[in-house]
Amino acid sequence: MALTAERIVNAACAILDAYGLADLTMRRVADSLGVKAGALYWHFANKQSLLAAVADRILAESRGEEDVSAEDDLHQWATNLRSRLLQHRDAAELVASTRATGLGGVDPAEGAREMLQATGIGKEEADPMAQAFVHFVLGHVMEEQTRSQLVALGVVGEFDPVRSQRYFDAGVRVLVAGVDAR
């Protein structure tokens, strides 16, 4: 089977899920595909480009969007983003670092920004609001993923997903109330 960018991203996603971001190396991806690491550079200029493609894949995955009322749109959007990130180990950290480098092609704030603009908020105001939602979701998920990994390693005692969900929902409600109060 020919080596393609899609196969490389698939292999990188599998390694991310199995071993985490720290162990996602070009050599490990190449080994999993049965090629030399240099072969990957025909498709990706460097590791950061590959990581950006993995982040884009995670962000572009099917959202399973439900039919929601207008007041629930931002909450549902944030919940969908959180769910996509939680499906992949270290995804929040990966997306945050990709955003910091400016290499990603999928903007996780786009959906929130469009929803805000649909309510009549101008782009200049909608963009920082959407970014606040993204920062909250990324930070919350990064903490959830770190805590759950520390529990698995026996470093800390417990992780309560029900409590985490409750805190997430409360945080999103605060952000939505801020948008409503503007």
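**Pocket, rings and core**

Mentor: Helix 8 supplies the largest share of the lining of the largest pocket, with five residues. Keep in mind that this is a predicted model.

Trainee: Which helices each supply at least two residues of that lining?

Mentor: Helix 8 (123-152) and helix 9 (161-181) do. The lining consists of G139, H140, E143, E144, R147, E158, F159, D160, R163, S164 and Y167, and about 280 Å³ of space lies in the pocket.

Trainee: How many residues of each class does the lining of the largest pocket have?

Mentor: Six are charged, three polar and two nonpolar.

Trainee: What makes W77 and F133 an aromatic pair, and of which kind?

Mentor: The count comes to two aromatic pairs. The ring centres of W77 and F133 are 6.4 Å apart, and the cut-off for a pair is 6.5 Å. Their planes stand at 80°, and over 60 degrees counts as edge-to-face. The pair is therefore edge-to-face.

Trainee: Why is the pair of W77 and F133 said to tie parts together?

Mentor: W77 is in helix 5 (residues 73-86) and F133 in helix 8, so the pair joins parts 56 residues apart in sequence. Both W77 and F133 are buried.

Trainee: Why are F136 and F168 put in their class of pair?

Mentor: Their ring centres are 5.6 Å apart, within the limit of 6.5 Å. Their planes are at 25°, and under 30 degrees counts as stacked, so the pair is stacked.

Trainee: How do you know whether F136 and F168 are buried or partly exposed?

Mentor: Buried means under 20% relative accessible area, and exposed means over 50%. F136 has 24%, so F136 is partly exposed. F168 has 0%, so F168 counts as buried.

Trainee: What sits over the ring of F168?

Mentor: The charged end of R82 does, 4.9 Å from the ring centre. The distance limit for such a placement is 6 Å.

Trainee: How many residues does the largest nonpolar core have, and which have the most contacts inside it?

Mentor: The core has 47 residues, and L24, V29, L50, V54, L85, L94 and L116 have the most contacts inside it. Among the helices that each supply at least two of its residues are helix 1 (5-19), helix 4 (47-60) and helix 7 (110-118). The largest share of this core, eight residues, is from helix 8.

Notes
Residues are numbered from 1 along each chain as its sequence is written. This is a predicted model: local features need pLDDT of at least 70, side-chain atom pairs count only at pLDDT 80 or more; totals for chains, interfaces and linings use all residues. Side-chain values use heavy atoms; hydrogens and water are left out. On a 1 Å grid over the protein atoms alone, a cavity is a set of points where a 1.4 Å probe fits but cannot get out, and a pocket is an open set with protein on both sides within 12 Å along at least five of seven lines; lining residues have an atom within 4 Å of a point. Grid points are joined across faces, edges and corners, and a volume is the space filled by probe spheres set on the points. Helices (H or I, at least four residues) and strands (E, at least two) are DSSP runs, numbered from the N terminus. Ala, Val, Leu, Ile, Met, Phe, Trp, Tyr, Cys and Pro count as nonpolar, Asp, Glu, Lys and Arg as charged, and the others, Gly among them, as polar. Rings of Phe, Tyr and Trp (its six-membered ring) pair if their centres lie within 6.5 Å; planes under 30 degrees apart count as stacked, over 60 as edge-to-face and the rest as tilted. Buried means under 20% relative accessible area, exposed over 50%, partly exposed in between (1.4 Å probe, protein chains only). A charge sits over a ring if NZ of Lys or CZ of Arg is within 6 Å of the ring centre and within 35 degrees of the ring normal. A nonpolar core is a set of buried Ala, Val, Leu, Ile, Met, Phe, Trp, Tyr and Cys residues joined through side-chain atoms within 4.5 Å.
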